[in-house]
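Trainee: I should like to learn how to read a protein model, one feature at a time. May we begin with the way in which strands are described?

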Amino acid sequence: MRIFKSMVMITLLFLFLASCKSNNKETPTAEEPSEVLTKNFIDVLAKDYTFTVADSIPSGWSTFRMKNTGMMDHFFLLTKLPDTVNIDHYNRDVGGAFGIAWNAIRDGKSKDEAFGLLGENLPEWYGSAVAMGGAGLISPGEVAINTMKLEPGYYVMECYIKAENGQFHTELGMITPLIVTDEQIDNVPPEADVKLTLTNEAMQIEGEITSGKTIFAVHYKEQPPFGLGNDIHIVKVDETTNLDEVAQWMDWSNLTGMVSPGAPAKFIGGSQEMPAGYTAYFECDLAPGAYAFMAEIPIGRYEAFKVN
Ligand SMILES: [Cu+2]
């Protein structure tokens, strides 16, 4: 079974590499297989509402490939927990605190009041939990490819999009532990075509964005001192897309925010927040057309771009 799986992986790898040869990007060739793809490639299946992923993975540079086979939008965020807690504490204490805040918003309380309740109810240890990246939002049928360097530890993988009834996907089962073991993998990060730098004021874009498979490096230069951090997501844009509306939808604390189905644009990937100083990578296969980089926080930040 394992050998069969490896053969399938190798076949898929060669098909992938063959497809890369059709464009001029600096992607791996069949003669030089990518270390990242061959050594520590982690498949994630996102459905409504579960993740299927390995229980444990080695540490070092890892490439996650998440396929969304559900009918809703999904993402995954990895959070490294302090040694004293596990997923049960996370669900009860962190999920519970967000649940209280969200219920307050639904009951018509102000956001200030709701965030006050969130602050009061989050456990002290949450200050030591660290967001360590993950796949940006992807619409049904899309695939997200993300590469991050992970230290050994206990992580939770979660998606907090909301269902039509307002429940977070985490509450519906879209949260799972992931152990990153002490075993080291000497993978190297991929070579990026485009560099994105995130600060508390802006998204900076370096490099020409062309069609085909494109690897984006995301450098997290700054993060705000508390609350959600800087991240980046790509949406497809057409005549009907209103980017302000998309930005509002990305705020979970809005009544229709992050409710899926209901996303006002098609999401094709991105990279979740990491601490300042880190760099992560994600890959998108871009057809010619109009797109925008969107941030979950701060609300309203986006940068439109065109691919020829
Ligand atoms: Cu989800």
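Mentor: Let us start with the definition of pairing: two strands pair if DSSP finds at least two bridges between them. Helices (H or I, at least four residues) and strands (E, at least two) are themselves DSSP runs, numbered from the N terminus. In this predicted model, Phe 293 stands opposite Glu 303 in S16.

Trainee: How many bridges join strand S15 to S16, and in which sense do the two run?

Mentor: Strand S15 (residues 289-294) is joined to S16 by 6 bridges, and the two run antiparallel. Both belong to an open sheet of 4 strands in the order S13-S12-S15-S16, with antiparallel pairing. S13 and strand S16 (302-307) are the edge strands, each pairing on one side only. From one strand to the next the twist averages 25°; for such angles, axes are lines fitted to C-alpha atoms, for helices over the stretch in contact, and angles run from 0 to 180 degrees between N-to-C directions.

Trainee: What should I know about numbering and confidence before reading further?

Mentor: Residues are numbered from 1 along each chain as its sequence is written. As this is a predicted model, local features need pLDDT of at least 70, side-chain atom pairs count only at pLDDT 80 or more, and totals for chains, interfaces and linings use all residues. The term pLDDT is the predictor's confidence in each residue, from 0 to 100. The mean pLDDT of this protein is 89, and 87% of its residues reach 70 or more. Over residues 1-31, however, the pLDDT is below 50, and this stretch has 24 contacts in the model beyond near neighbours in sequence. Two residues are in contact if their C-beta atoms, placed from the backbone, lie within 7 Å. Where pLDDT is low, the predicted coordinates should not be read in detail.

Trainee: How many helices and strands does the protein have?

Mentor: The protein has 5 helices and 16 strands. Among its contacts with a separation of 6 or more, 68% are between residues 24 or more positions apart.

Trainee: With which strands does S1 pair, and in which sense?

Mentor: S1 pairs with strand S3 (residues 56-68) in the parallel sense over 6 bridges, whereas 2 bridges join S1 to S2 in the antiparallel sense. Leu 45 illustrates both pairings: Leu 45 stands opposite Lys 67 in S3, and the bridge partner of Leu 45 in S2 is Thr 52. S1 and S2 form a hairpin with 4 residues between them.

Trainee: Are Met 258 and Pro 261 buried or exposed?

Mentor: A residue is buried if 20 or more other C-beta atoms lie within 10 Å of its own, exposed if 12 or fewer, and partly exposed in between, with C-beta atoms placed from the backbone. Met 258 is buried because 24 other C-beta atoms lie within 10 Å; Pro 261 has 11 and is therefore exposed. Met 258 is found in the loop between H5 and S13, and Pro 261 lies in the loop between helix H5 (243-249) and strand S13 (266-271). Pro 261 and Met 71 are 190 residues apart in sequence and 7.6 Å apart in space, C-alpha to C-alpha.

Trainee: Which residues have the most contacts inside the largest nonpolar core?

Mentor: In soluble globular proteins, nonpolar side chains tend to be buried together. A nonpolar core is a set of buried Ala, Val, Leu, Ile, Met, Phe, Trp, Tyr and Cys residues joined through C-beta atoms within 7 Å. The largest here has 68 residues, and those with the most contacts inside it are Phe 76, Tyr 155, Met 157, Val 218 and Phe 282. Helix H3 (residues 87-106) gives the largest share of this core, 6 residues.

Trainee: Which residues does Tyr 155 touch?

Mentor: Not counting residues up to four places away in sequence, Tyr 155 touches Leu 78, Thr 79, Lys 80, Leu 81, Met 132, Pro 177, Leu 178 and Val 180. Strand S4 (residues 77-80) is joined to strand S7 (residues 153-158) by 4 bridges, running antiparallel, and Leu 78 stands opposite Met 157 in S7.
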